[in-house]
Amino acid sequence: MHDLAVVGLGALGTHVALAAARKGLDVVGLDSGSGDHEHSATGGRTRIFRLAYTFGTDYVPALQRSLTFWNSLSSRYPETRFETGALMIGNAADPEIAKAVTAAQSCNLPHELLDASAMSTRWPMHHLVPGDIALYDPAGSLLIPPAITARVRADAEALGATLRFHSPVAAIKESSRGSMITLGNGEELRSRQIVVTAGAWSGRFVPEFTNAVELRRAILHWFSTPNDFEYGPTQFPVGLRRTGNVRYSFFPQVDANGIKVNLHSPKQVVPQPEMREINLPSDFDELVDGLKRTLTGLGRRTASAAYVESYTPDYRILLGRVANTKNRWLLAGGSGQAFKLAPALAEHLVELIQGEVPSLSLDGVIRSPGTPAVEAVRGP
C-alpha cells in the first residue's frame with residue numbers, strides 16, 4: 001500500500017509528489033497524459049513571479065517561501081528561471097497597482113517607484129501616460145513551466161516517488177483502510193491518502209469541485225519585435241500594465257515567436273476544459289491598439305494559444321480535505337495564481353496530510369473545499 005497517491009501530475013501534482021517524497025512517504029503519481037501540460041493551466045511556456053503582489057500582503061509570506069524554492073531550483077537548473085525583475089505599470093489609483101505598492105512598502109520588500117522620466121531611461125519601450133507610475137520588483141522573475149515541471153518530477157523520482165503517465169484513473173473507492181484506485185486498464189492500486197491535483201479536470205474525482213469553480217479560457221498572443229535582444233530576459237522585465245482600460249501582462253522574448261502578451265479582457269467561460277479554441281474577442285483590434293500605444297516597437301501577431309483555468313469566486317485556492325471523506329484531499333482552483341505559489345502550497349498540503357501544524361499560514365490565500373467563498377475580488 002502506498003502512503004500517498006497523487007492524481008494529476010501537472011505543476012501542483014509534481015510539487016506535492018516532491019514535498020511528500022522529501023518527508024519519506026511512499027508516493028505514487030498518476031496522470032492520463034504524457035507529461036506535456038501545454039493543454040492545461042500550465043500552458044503558455046512562461047509565467048510571471050513577483051513578491052509585490054496585486055492581491056496584497058496576504059500573499060507575500062507564501063511568495064517568499066516559494067521564492068526560496070525557485071532560487072534553489074534555478075541554482076541547480078538555470079533553464080528553469082530568468083531573473084528579470086518585474087514591472088507593474090499603471091495609474092497609481094488603480095486597485096491592483098495600489099495593492100502592489102502597499103505590499104512592497106508594508107512588507108519592507110526591496111522595490112523602486114519610477115516616474116515617466118526614469119522609465120524613459122531604463123525601459124523606453126514602455127510609454128507612461130499622465131497618472132501612471134511604475135513599480136519595479138527586483139525579486140520578480142520569469143518562470144519556465146515545462147523546464148520546472150520536468151526538473152521537479154526528476155527530483156521527486158530521485159527521492160523514490162513513482163510517477164506514472166498514460167495511466168488514467170477510472171475510479172476511486174474509499175474504505176477505512178485507505179482507498180482503492182482503479183486505472184483505465186483495470187489495474188488496482190491501494191493508498192492510505194489521495195490528493196487530487198487534476199486542475200480543471202478535478203471534478204471527475206471531487207464532484208463538488210464542478211460547482212465551486214468557473215472554467216475560463218485564456219488566450220495568449222505573441223508579437224514580433226524589431227530586436228530580439230532588446231526584448232529578451234536580460235533587457236525586458238516581465239510584468240503587467242493597468243492603465244485605465246489598457247490591461248495586460250507581458251513576458252520577455254524566449255523564442256522566435258517574440259514577446260508574449262496576455263490581453264486582460266474578460267476570459268470566456270467554457271463548460272469543458274478541453275475547449276481550447278482560439279476565438280478572438282470582438283474588441284481584439286482595440287485591445288491590440290491599446291497594447292501598442294503603451295508598449296512600443298511591437299510588430300505583427302506571430303502566434304496565439306489557449307488554455308483553460310479554474311477560478312473560484314473569491315480567487316482563493318481550494319486546499320484541504322474533501323468534505324465527508326477520510327483520506328481524499330484537493331489542491332485545485334488555482335484562479336491564475338497557483339503556479340508561482342506551487343512550492344508553498346504543496347508543502348502546506350503535505351504537512352496537513354501528515355497531521356502536522358503547517359509551518360506557514362496561508363490565510364487569505366486558500367480555503368478548504370466545500371467552505372463558502374468569501375468576498376469577491378478583482379482577478380488578475
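**A pocket and a helix pair**

The largest share of the lining of the second largest pocket, 6 residues, comes from helix α8 (helices are DSSP runs of H or I, at least four residues). The model is predicted, so local features need pLDDT of at least 70 and side-chain atom pairs 80 or more, while totals for chains, interfaces and linings use all residues. Residues are numbered from 1 along each chain, and side-chain values use heavy atoms, without hydrogens and water.

**The second largest pocket**

- About 270 Å³ of space lies in this pocket (an open set of 1 Å grid points reached by a 1.4 Å probe, with protein on both sides within 12 Å along at least five of seven lines; lining residues have an atom within 4 Å of a point).
- Its lining has 15 residues, and those nearest the centre are Ala 19, Arg 22, Phe 69, Pro 343 and Glu 347.
- Two or more lining residues come from each of α1, α2 (60-76) and α8 (338-353).
- By class, 7 of the lining residues are nonpolar, 3 are polar and 5 are charged, with Gly counted among the polar ones.

**Helices α1 and α5**

- Helix α1 (residues 11-22) packs against helix α5 (residues 145-158) at an angle of about 25°, and their axes (lines fitted to C-alpha atoms) lie 9 Å apart.
- The two helices are therefore roughly parallel (an angle under 35 degrees).
- On the α1 side, the contact (heavy atoms within 4.5 Å) is made by Ala 11, Thr 14, His 15, Ala 17, Leu 18 and Ala 21.
- On the α5 side, Ile 148, Thr 149, Val 152, Arg 153, Asp 155 and Ala 156 take part.
- The residues of this contact divide into 7 nonpolar, 3 polar and 2 charged.

Notes
Axes are lines fitted to C-alpha atoms, for helices over the stretch in contact, and angles run from 0 to 180 degrees between N-to-C directions. Angles under 35 degrees count as roughly parallel, over 145 as roughly antiparallel, 65 to 115 as roughly perpendicular and the rest as oblique. Grid points are joined across faces, edges and corners, and a volume is the space filled by probe spheres set on the points.
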